[in-house]
Amino acid sequence: MLTRRVLFGLCAVVAVVCARRPSAQEREDRTLLTHEQMRAIVSEASGERAMHHVMELVPYPRIRPISEYQGHFRESEVMAGFAKEYGFSSVEIESFPAAGRSWAPTMGELWLVTAAEQRKLYDIHDVAVSVAANSQNGDVTGELVDVGLGTRASDYAGKDLNGKVAIGSGGVGQIFALATGRGAIGAVGYSTLYPDRGVDVIPSSSIAVNAQGFGWAVSPRQGHELVARLARGEKLSLRSVIKAETMPGELETVHATIAGDPASTQDVIISGHLYEGYLKQGANDDNSGCALTIEVGRAYIKLVAEGKLPRPKHTIHFLWVPEISGTNAWLNAHPDIARRVVADLNFDMEGIRLSTSRSYWILQRTPDTFPSFLNDIGQSMMEFVSEITRERVRFRANGYAPSLAVQAPNGSDDAFYIKVDKHYGSSDHVTYMQHGIPAVMFITWPDNWYHSSQDTPDKQDSTQYKRAAVVATGAMAVLATGGDEMAARVVSENLSRGAERMGESYRKALSYMADATDAGALSNAYKEAVVTIRHQAIVEKGVVRSAKALFDNPADGATKVQVFEPLIDNRAAALIDEAKAAFALQAAQRKTAVTEPATTAEEREASMLMIECVNGSSFSGCNAAPGAAGGRAGGPGGGGGGRGGSASGLPQHMTAEATILLGQKKSALEFRDFLAGEFDPLSLADAMTYLRAREQAGLIRLVKR
């Protein structure tokens with residue numbers, strides 16, 4: 001009996017020891033660094049420090065004193081100070097001129113005026129973004145008029161706005177443009193991104209530069225109250241008191257480095273935008289990206305000094321900038337560095353607590369028009385952290401816990417919700433690609449408080465920061481370590497994940513046939529299936545080809561990776577053979593003959609029409625005519641090109657990629673097939689409608705070859 005008790009006790013001790021040992025590791029828990037290196041990163045990366053950085057950068061949204069426009073901005077000083085403290089190799093604040101001037105308010109008050117009361121509704125020192133940027137100085141009062149939504153001409157039918165103030169549920173800028181054109185002296189809007197969840201959220205807004213009048217954004221709660229009182233027949237007036245100065249426009253950037261081997265010809269960039277205009281200040285968008293990346297730099301420097309990570313071969317540039325415009329200015333000013341850069345990791349909105357905003361932490365891939373090795377580096381790190389932080393029931397004999405917790409002392413213990421998604425633009429990674437540099441974006445989305453008065457540090461989570469810091473430090477270490485050995489590891493990652501993506505495209509292709517309802521639809525579905533498989537093969541060859549840049553000698557690297565291209569073609573051919581067999585099975589089920597789909601007359605004609613840019617092209621697509629505004633529609637997959645695509649003839653989610661394709665010297669049929677292969681089936685008629693519209697606009701010409 002005693003012996004049994006002793007043995008039982010020993011077994012219990014062993015069980016406890018095993019439960020506490022983080023030994024539960026599978027081959028799926030691997031990444032491009034060793035497990036020991038990743039454990040070192042997990043131990044060092046601090047979500048708490050990142051939170052501290054945010055609190056130093058933007059403890060609350062505020063009105064800047066004029067002195068900041070005359071010297072350095074507060075955030076620049078904070079970031080430069082941390083970089084010096086943490087031992088970065090170099091730190092500098094650079095400034096570039098901006099075309100416009102900066103609107104700098106010093107006073108702003110919005111008052112409700114009735115026969116019975118005068119009550120202040122908003123003060124910009126309470127809610128900085130409540131006033132619309134570029135509002136005119138003055139102390140003016142006008143009667144309030146409800147214009148409904150306020151963004152359509154029909155909203156103003158039969159309404160006298162002369163000398164009055166329009167209030168609507170749309171955006172301030174749109175209401176202002178329509179209302180002041182009808183004699184209004186100002187506009188008030190009470191829209192918000194998520195009105196069902198943000199009744200007290202006030203979005204940032206602006207009106208036209210040199211506007212004659214004022215704009216204010218109020219909360220949906222306040223807006224509905226005012227409109228309800230108007231509906232009851234009350235006469236309400238609003239008084240706007242604004243004092244502001246305009247300062248010379250500038251783009252202030254902070255540039256810090258971690259030096260690599262001087263003999264290296266390759267550099268790496270880590271980026272986040274410190275400014276999105278100087279009035280809007282967001283804790284998540286994007287002081288969080290800057291707070292995170294300075295912590296990534298600190299942790300990396302310490303781990304290298306301790307010998308836990310290899311010294312960087314490639315110099316790492318950290319850029320904290322005005323969004324897009326600052327990145328473009330810096331790259332234009334430093335073409336020697338831009339030519340050396342092999343990749344950019346861009347961090348835009350990183351610290352929000354995922355569970356409170358229903359968010360995922362998302363890796364936005366490069367678009368298919370810009371296939372890159374970089375996506376798989378980020379995905380590898382992301383999935384590693386996701387796997388080790390979740391409790392896996394098959395490991396329960398070792399204890400009910402993650403195999404390796406990645407959690408901050410004061411942070412949440414939320415699940416780590418991640419998603420690797422198709423490309424979306426509207427951040428600095430777009431600008432890097434416009435300069436020929438592969439770039440990806442990490443982002444938390446959705447964000448309930450996006451671009452609003454409520455984008456404050458209390459919504460953030462130090463655990464989310466820690467997990468993001470582990471991913472970012474790991475990915476950066478892979479890029480900075482460089483060398484032929486690491487390049488070969490990345491190529492292996494590209495090949496294996498590329499095979500998975502080809503399998504996913506194959507599954508999508510077969511689903512087209514499975515969903516077909518008749519013989520004609522089945523034949524078309526098989527044709528689309530072949531297009532989809534071939535498209536993915538083209539992308540995967542581009543991914544492997546791009547990895548040549550990681551080798552010490554890129555020309556030698558190109559020779560090394562070229563061997564995989566015919567093998568990828570072979571894989572695609574095998575998948576197409578399988579798709580053909582599946583086509584035969586589906587046809588037999590429908591009791592119809594199996595025939596290879598014929599090329600239509602329209603397809604033959606489209607294959608002979610080449611797309612040429614009238615004013616030349618760039619990475620962004622066709623250039624606009626000299627002197628014309630825009631022309632790049634958001635850049636490579638940029639958000640500007642991806643919104644409101646209904647008038648183009650293409651679905652909204654395709655328009656940004658279509659913009660880039662215009663500049664790639666494809667035929668009209670290749671243009672259609674590329675979009676259909678990347679996204680989903682697209683009729684040739686819709687593709688031609690889009691192309692003819694661009695031709696009519698003078699952007700392209702369709703030339704028979």
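## Close-up views of a predicted model

View 1

**View 1. The pairing of S9 with S11.** Let's step inside the sheet. Strand S9 (residues 250-258) and strand S11 (residues 315-322) are joined by 5 bridges in the antiparallel sense. Which residue in S11 is the bridge partner of Val-254? Look for Trp-320.

**View 2. An enclosed helix, H2.** Helix H2 (residues 35-44) is largely enclosed by the rest of the structure, because 7 of its 10 residues are buried. Those buried residues are His-35, Gln-37, Met-38, Ala-40, Ile-41, Val-42 and Glu-44. They pack against H8, helix H11 (374-389) and H13.

**View 3. The contact of H14 with H15.** How do the axes of helix H14 (residues 483-514) and helix H15 (residues 519-546) cross, and within what distance do they come? The two axes come within 8 Å and cross at roughly 170°, which means that H14 is roughly antiparallel to H15. Counting residues on both sides of this contact gives 14 nonpolar, 5 polar and 4 charged. On the H14 side you will find, among them, Leu-495, Gly-498, Met-502, Tyr-506 and Ala-509. The H15 side includes Leu-522, Ala-525, Ala-529, Ile-533 and Val-544.

**View 4. The disulfide of Cys-613 and Cys-622.** The structure holds 1 disulfide. Cys-613 and Cys-622 form this link, with their sulfur atoms 1.9 Å apart. A torsion of -70° about the S-S bond makes the link left-handed. Are the two cysteines buried or exposed? Cys-613 is buried at a relative accessible area of 15%, and Cys-622 is buried at 4%.

**View 5. Two cis peptide bonds.** Most residues other than glycine have a negative phi, and most peptide bonds are trans. Here is a pair of places to check against that background. The bond from Asp-285 to Asp-286 is cis, with omega near -5°, and Asp-286 belongs to helix H8 (residues 283-305). The bond from Trp-445 to Pro-446 is also cis, with omega near 0°. Pro-446 sits in the loop between strand S15 (439-445) and helix H13 (462-481).

View 6. Asn-134 is not a glycine, yet its phi is positive, at about 80°. Its place is in the loop between strand S3 (118-123) and strand S4 (138-146), and Asn-134 is buried, with a relative accessible area of 18%. Lys-665 has a positive phi too, near 55°, and is found in the loop between helix H20 (655-661) and helix H21 (668-678). With 67% relative accessibility, Lys-665 counts as exposed.

Technical notes: Residues are numbered from 1 along each chain as its sequence is written. This is a predicted model: local features need pLDDT of at least 70, side-chain atom pairs count only at pLDDT 80 or more; totals for chains, interfaces and linings use all residues. Side-chain values use heavy atoms; hydrogens and water are left out. Helices (H or I, at least four residues) and strands (E, at least two) are DSSP runs, numbered from the N terminus. Buried means under 20% relative accessible area, exposed over 50%, partly exposed in between (1.4 Å probe, protein chains only). Axes are lines fitted to C-alpha atoms, for helices over the stretch in contact, and angles run from 0 to 180 degrees between N-to-C directions. Angles under 35 degrees count as roughly parallel, over 145 as roughly antiparallel, 65 to 115 as roughly perpendicular and the rest as oblique. Contact means heavy atoms within 4.5 Å. Ala, Val, Leu, Ile, Met, Phe, Trp, Tyr, Cys and Pro count as nonpolar, Asp, Glu, Lys and Arg as charged, and the others, Gly among them, as polar. A disulfide is a pair of cysteine sulfur atoms within 2.5 Å. Two strands pair if DSSP finds at least two bridges between them.
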